[in-house]
Every structure is written in C-alpha cells, then in structure tokens.
Amino acid sequence: MAATNVLPPLATSRSLTASPQHQSRNGDASTRVPGRARRGPKRSESPFTQKGIFSFPTNVDPSSYHNTALHNLCTDLLEKGFHTSFVEIFTLVEKQRLQHEQAGPAAILLGPLIEYEPSTLDELKSQLTRAEMAKRSGNLEAVYTCQRNLAQCFTDSKNVWLSAHFYERCLETALGVKGDSKKKEGEAHCSLGESWEKRDELEKACHHFEVFHQLAKKYKWHSEEGDSLHAVACEHLRRIYTSIAEQLYAEDEIEQAISYLKKAREASKEGGDSHEEGLACYRLGNALQSIEDYDGAIEYHRSYLERCRYYGDLSGMGSAYQSLSRAHESKGDIENAIMFLELFVEIAENAVSQSHLDVEEADKSGQQGLEEMASKQGQLAKACSAIGAMCTSVGDFDKAVQYFGRCYELSVQMGDLEAITSCRVQYGIAKGNQMLASFSTQIVDQSYKSLEALVDWKGSRVVKEQGQPFMGNNAQAETGHEQEQGEGDSASAPVPVPDPHY
C-alpha cells in the first residue's frame, strides 16, 4: 500500500520570491543587519502601549491616595516590622495633639502639628528605623548617632520640643554605651542644657551643665580640634549662672543673685577666661553696691579695672571708672569720686575724638556711625555734669563752671534741647556760685571803692578788684559780646547762654 503524504504542499516559486518593490522596501532577509530592530510599531501593537504613553504603576495600592500621610507611614512601619519606631512616632503625635487641646486658642504659638508635615514624618521614619535596626544588632553608638541627628534636625525649627525629646533619648542611650569614658553621656548633658536654655528653663539647663562640668573635669576630654571640653563646660556654667542671677535680680532677690554671680566668677576663673572673670567682677560690684556694701563693690570694680588695663579695653576701663566713682560717692569720698570721673572723662574725650575721625575717614553718611558718636557724646556729657555737681558740693566752683560748660557744649553738638536747657541752668548756678565770694566781699566792705565796683558791675558786669575780673577769666569776652548786641535788644533778649568755649 502506498504511503500517504501528510505534509503540506510545498510553496510555489511565486510564493518564495518577493517582488522587487517588496525587497526594496523591507530588504532581503539575507542582507538585513542582524540585531537591528524593524522601524515603527508592529501592526498588532496599539500605539498607546508604547513606553511613556499611558503607562500606569501596577504595584501601588490605590487606597494610599485616600489615607493621610500619618496613616500610610504607620501602616508601612508595621508591615515592615518596625514596631518600636511606630510606637515612638504615634506617641509623639498624640502628645502634641494633647498639648494643642490644652492650649486652646494659644495653640497657634506652639507650632504646626507634625502629623500634617510629610517631610517631618519622613525624617522621623528614616532615622528611627535606622536606630531600631542598629539596636537589634547591639550597636548603641549608631543608635545614639541617629537620635542626635534627629535632635539637631529640629534645633532651629518650629518643633524645637522634638529636639529636647531626642536629646533626652540620646542621654538614655548614652548611659548604655561602654568604652568611651562617658563622653557621649557628657555630650548629651551639654546638648540638653543648651536645649533647655533656649526654652528659658534655666534651672533644668543648670542641672545638665553642672553634670557635664563634673564629667569633663574628671575625664579631661578634648574636642576634635584639640580644645579642652573642661573649659567649654566652665563657660556654659558661667553663662547659665549669670542668666539666673539676672533673673533673680529682676525679682529683687539680690542675695541669691549675688551667690550665683560669685559662682559665675569662680567658673570663669576655673576655665582660665580672665576677660569673663573681669566682667563677672563688674557685675558683682554693681550688685554689692545695690545693697550698700561699698567696700566690697570697690574691691570687685578695681579687679575689673586691672583686667581691662591688661587687655587694653578702653570701654571697660570707662565703665570701671564710672562704677568706682559711684561707689566712692555713695561712701562719701567725694575726692576719689571726682578723680575717677575725671579719668572717665579723659577716656571718653579720646573716644569721641576717635569717633569723629572714623566718621570723616569712612565718610559715613548713614545712621550707624552718627548714632555711635552721639552715644559717646551723651555719656561724656553725663560725666561732665556729674563732675560739676560733685565740685559744687565741695565748693570748687571754678572746676564746676568748667565741666558744666563742657556739658553744655556737648549738648549743643547733639542738638538735645532738653539737655541744653538743663545745662544752661546748671551753668548759671555754677557761675553764680563762682561770683558769690567776690560779690559778698564788695557788699561787706561798704567802702567807696566797693560801691564803685558794684555800680560798674551793674552796668558792664565786669568789676576788677586788685587786678582780678569780677566774673572770672572769660567775663570780659562775654561782656564785649553782649555790648555788641546793643542796649535796645536787652529787654527782649533770650536767657543768656554760656560761652561755648566752656
């Protein structure tokens, strides 16, 4: 029996041979470059399925677009097994919600809720999950680093309370770190102190700074730059003690304020900062003077003056001279009070002259240079007025006239009308006191010559007795100036002003 052919019929020669037009359009299969893709989409492909056109993600849960960022974050943490991170974030959110509810309308001052800040939530998630993985592997130093990063991230933000929270967590972690001589523990105490200080919780800040100081003193740490952390701890203590003292002083608790100022001075001395020690002495002197302990105040002010002289601090020297003058005046030692004020005036005169030169050289037309110069002129005018008053009290009227005249001149330069009026009155009183002795002598003498001198003074305000002018050395100049104005203007003339040369 013949075999049956089940194969399909062979293609004809016509079906195997392409037309010339087809070959020129598509190319011969034997001459086509291997690996080169055919141009254009396949006829069976839709143009909408090409790359970049209507491509939708297939691995995203659509429900994530309906939930809040906090919900999605918590769900993701639980799905991936970060239960500790979930608990901490959820606890922080609930804590902040409760604070806002208790604050009522004032909640706007507490900063925004972190549950509505995706960037904050993402940062918390990133660092806390790293910390959790590090804790599982027993790497407490990495845990500490992540917590410190979070604390530093929120230091200057509106959520500064988060910074304090994570510094607390840093301290908890640092207590378990071994082999670093408790350096991380000290660093955590220092950071916590700074955090509480920024929030005006001075007592809490003081506690942490004191612990940091004790540890730094014991272990003698150094920073990466080689600086002594013991000196840094002393500076933190000095600053916080001074802040507490200022707060107590404002509340009229002077004795406690003085005790904290003494602690600040000791901290500066221990840290080797002589300049800050001098400032602490200055504050102590002012505080002691307020409770009438003048001897103690003078001692501390002299100590401050010595340090200012050593460092060439002219501004500090001026402050010390003023304080010493006040202390001596309160004590009743007018002579020394005048001496220290004259030293202050000498320094202030140099400062005012230097300010004039600076303004001219820098060609300052702005307010800053002029305000600095006016401030120095105002301090100098007050010092001259104080010296004039002291000289009047001890009967040195010539010197009183000199300093009241200088005060008037400075007031005119500043254009301060109130100060000009006050200095004019003071100058007039000083001139009257200066003339009083000579005038009284002429009255008591009751001779023809004395009567003639009084009449002459009444007409010309200059009476000479034994070659001395009746009104002082500048009386002739003043009289000549007044005579130039004419007699007709005397009735309507304003109140006389002192000679600007005074």
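These legends walk through close-up views of a predicted model.

View 1. Let's start with aromatic rings. A pair of such rings is described by the distance of the centres and the angle of the planes. Here the count comes to six aromatic pairs. One of them is formed by Y241 and Y260, whose rings are tilted at 50° between the planes, with 5.9 Å from centre to centre. Y241 belongs to helix α10 (residues 229–250) and Y260 to helix α11 (residues 254–271), so the pair ties together parts that are 19 residues apart in sequence. Both tyrosines are buried.

**View 2. Lysines sit over aromatic rings.** Elsewhere, look for W196: the charged end of K204 sits over the ring of W196, 4.5 Å from the ring centre.

**View 3. Helix α10 from end to end.** How many residues does α10 have? The helix has 22 residues, and its first and last C-alpha atoms are 32 Å apart, close to the 32 Å expected at 1.5 Å a residue. Just after the helix comes D252, with a positive phi of about 65°.

**View 4. Two loop residues have a positive phi.** Most residues other than glycine have a negative phi. D200 is not a glycine, yet its phi is positive, near 60°. You can find D200 in the loop between α8 (183–198) and α9 (202–219). Is D200 buried or exposed? Its relative accessibility is 62%, so D200 counts as exposed. K220 also has a positive phi without being a glycine, at about 55°. This lysine lies in the loop between α9 and α10, and K220 is exposed because its relative accessible area is 60%.

**View 5. F209 is buried in helix α9.** The phenylalanine F209 lies in helix α9. With a relative accessible area of 0%, F209 is buried. Which residues does F209 touch, not counting residues up to four places away in sequence? The answer is C190, G193, E194, E197, H236, L237, R239 and I240. Take C190 as an example: F209 and C190 are 19 residues apart in sequence, while their C-alpha atoms are 5.8 Å apart in space.

View 6. In soluble globular proteins, nonpolar side chains tend to be buried together. The largest nonpolar core in this model has 93 residues, and those with the most contacts inside it are I89, L124, F166 and I240. Helix α15 (residues 334–362) gives the most to this core, with nine residues. To explore the surroundings of I89, leave aside its neighbours within four places in sequence: I89 is then in contact with L70, L73, L77, L121, L124, K125 and L128.

View 7. S411 has its place in helix α17 (residues 397–414). Its relative accessibility is 1%, so S411 counts as buried. Where does the side chain of S411 reach? The side chain of S411 comes to 2.9 Å from the backbone oxygen of C407. Setting aside neighbours within four places in sequence, S411 is in contact with D416, A419, I420 and C423.

How values were computed
Residues are numbered from 1 along each chain as its sequence is written. This is a predicted model: local features need pLDDT of at least 70, side-chain atom pairs count only at pLDDT 80 or more; totals for chains, interfaces and linings use all residues. Side-chain values use heavy atoms; hydrogens and water are left out. Rings of Phe, Tyr and Trp (its six-membered ring) pair if their centres lie within 6.5 Å; planes under 30 degrees apart count as stacked, over 60 as edge-to-face and the rest as tilted. Helices (H or I, at least four residues) and strands (E, at least two) are DSSP runs, numbered from the N terminus. Buried means under 20% relative accessible area, exposed over 50%, partly exposed in between (1.4 Å probe, protein chains only). A charge sits over a ring if NZ of Lys or CZ of Arg is within 6 Å of the ring centre and within 35 degrees of the ring normal. A polar contact is a pair of N or O atoms within 3.5 Å; within protein, one must be able to donate a hydrogen and the other to accept it, and residues adjacent in sequence count only if both atoms are side-chain atoms. Contact means heavy atoms within 4.5 Å. The expected span of a helix is 1.5 Å times one less than its number of residues. A nonpolar core is a set of buried Ala, Val, Leu, Ile, Met, Phe, Trp, Tyr and Cys residues joined through side-chain atoms within 4.5 Å.
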